[in-house]
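Please look at the structure below together with the report that follows.

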Amino acid sequence: MHHFFVEKTQIGEKEIHITGSDVNHLRNVLRIVPGELVSVSDGDATTYRCEVTQMDENCVTAKILWSQEADTELPSRIVLFQGLPKADKMELIIQKTIELGVSEIVPVATRRSVVKLDAKKAEAKNKRWNAIAESTAKQAKRAVIPAVKPVMDFEAAVRYASAMNQKFIPYELAHGMDATREAFRMIQPGDSIALFIGPEGGFDEQEVELAKDTGILPITLGRRILRTETAGMAVLAVLMFQLESGAVL
């Protein structure tokens with residue numbers, strides 16, 4: 001069943017009105033016809049099962065059959081602070097981490113980031129990244145669309161993470177999987193979690209020291225060096241299993 005997002009103002013007592021670019025997607029790409037069922041989220045906490053009743057050029061009307069509190073979100077808010085990677089890797093990272101349940105993605109310009117974006121390029125990239133976030137959230141049937149924030153420098157990212165309950169920075173010079181396991185065991189449902197992932201060249205020592213000084217915990221992800229596009233997914237997969245199953249790793 002296809003999934004869509006609407007503003008709360010588009011939700012009536014008995015009907016939902018889908019507008020914007022989704023109308024063309026429903027009519028001309030998916031070829032949805034009256035009588036078919038769709039899933040709609042208000043971008044907050046409620047998911048609606050609906051039957052399409054009318055399709056106009058600028059609006060698709062769907063009758064609400066029933067609604068329920070969304071159960072697709074993790075019990076903790078996880079923010080991924082991703083060092084800017086090369087090429088189109090950021091698009092893959094956005095797709096896969098949203099599938100795994102990330103709440104927000106912050107692109108971070110670090111000292112070893114090869115990619116350098118001026119204001120115009122950064123704005124264009126951010127617009128595309130948020131479009132990918134929305135598309136992925138629909139595919140994954142998320143209740144919310146995780147935001148991709150504007151690019152921050154490392155110091156700004158550290159400040160942004162300062163109020164979060166649990167903060168981790170995988171670092172190749174960190175040692176001890178037991179320490180990583182114990183750190184993850186301390187996470188409780190409802191905690192906010194910051195996860196810092198370096199670019200291809202990793203974080204430099206001064207960045208790691210700044211992170212440590214502000215309460216961000218260096219952890220190891222094992223004996224192998226993971227690519228930047230793999231590291232965040234690896235941590236999120238572990239956290240998803242732990243938070244959703246209640247398992248103690």
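The side chain of E207 reaches the backbone nitrogen of R111 at 2.9 Å, which falls under the definition of a polar contact, namely a pair of N or O atoms within 3.5 Å, where within protein one must be able to donate a hydrogen and the other to accept it, and where residues adjacent in sequence count only if both atoms are side-chain atoms. This is a predicted model, in which local features need pLDDT of at least 70 and side-chain atom pairs count only at pLDDT 80 or more, while totals for chains, interfaces and linings use all residues. Residues are numbered from 1 along each chain as its sequence is written, and side-chain values use heavy atoms, with hydrogens and water left out.

E207 lies in helix α6, where helices (H or I, at least four residues) and strands (E, at least two) are DSSP runs numbered from the N terminus. E207 is buried yet has no salt bridge, and the nearest side chain of opposite charge, that of R111, is 4.6 Å away. Here buried means under 20% relative accessible area, exposed means over 50%, and partly exposed lies in between (1.4 Å probe, protein chains only); a salt bridge is a side-chain nitrogen of Lys or Arg within 4 Å of a carboxyl oxygen of Asp or Glu. For opposite charge, Lys and Arg count as positive and Asp and Glu as negative, whereas His and the chain ends are not counted. Leaving aside neighbours within four places in sequence, E207 is in contact (heavy atoms within 4.5 Å) with T110, R111 and F154.

**Salt bridges**

| Pair | N to O distance |
|---|---|
| E200 and K89 | 3.2 Å |
| R181 and D178 | 2.7 Å |
| E182 and R185 | 3.7 Å |

The side chains of E200 and K89 meet in a salt bridge, and this pair links distant parts of the chain, since E200 is in the loop between β11 (192-197) and α6 (205-213) while K89 is in helix α2, 111 residues apart. E200 is partly exposed, with a relative accessible area of 31%, and K89 also counts as partly exposed, at 21%.

R181 and D178 are three residues apart in helix α5 (residues 177-185), and they are therefore separated by about one helical turn. E182 and R185 likewise both lie in helix α5, three residues apart. An α-helix has 3.6 residues a turn, so residues three or four places apart point the same way. D178 is exposed, with a relative accessible area of 57%, whereas R181 is partly exposed at 35%; E182, at 41%, is partly exposed, and so is R185, at 38%. Elsewhere, D22, E134 and K138 are linked in a network of salt bridges.

The 21 residues of helix α3 (residues 119-139) should span 30 Å at 1.5 Å a residue, and the end C-alpha atoms of α3 are 30 Å apart, which agrees; the expected span is 1.5 Å times one less than the number of residues. The buried residues of α3 are A122, N126, W129, I132, A133, T136, A137 and K138, and what covers them includes β1 (3-5), α1 (21-29), α2 (89-100), β7 (104-109) and β8 (147-148).

The buried residues of α2, among them M90, E91 and I93, pack against β6, β7, α3, β8 and α7.

**Nonpolar cores**

A nonpolar core is a set of buried Ala, Val, Leu, Ile, Met, Phe, Trp, Tyr and Cys residues joined through side-chain atoms within 4.5 Å. The largest such core has 29 residues, and those with the most contacts inside it are I78, I94, F168 and L239. The largest share of this core, six residues, comes from α7. A second, separate core of 20 residues includes V79, F154, A156 and A157.

**Positive phi angles**

K141, in the loop between α3 and β8, has a positive phi near 55 degrees although K141 is a residue other than glycine, and K141 is partly exposed at 35% relative accessibility. R31, which is not a glycine either, has a positive phi of about 60 degrees; R31 sits in the loop between α1 and β3 (37-41) and counts as exposed at 58%.
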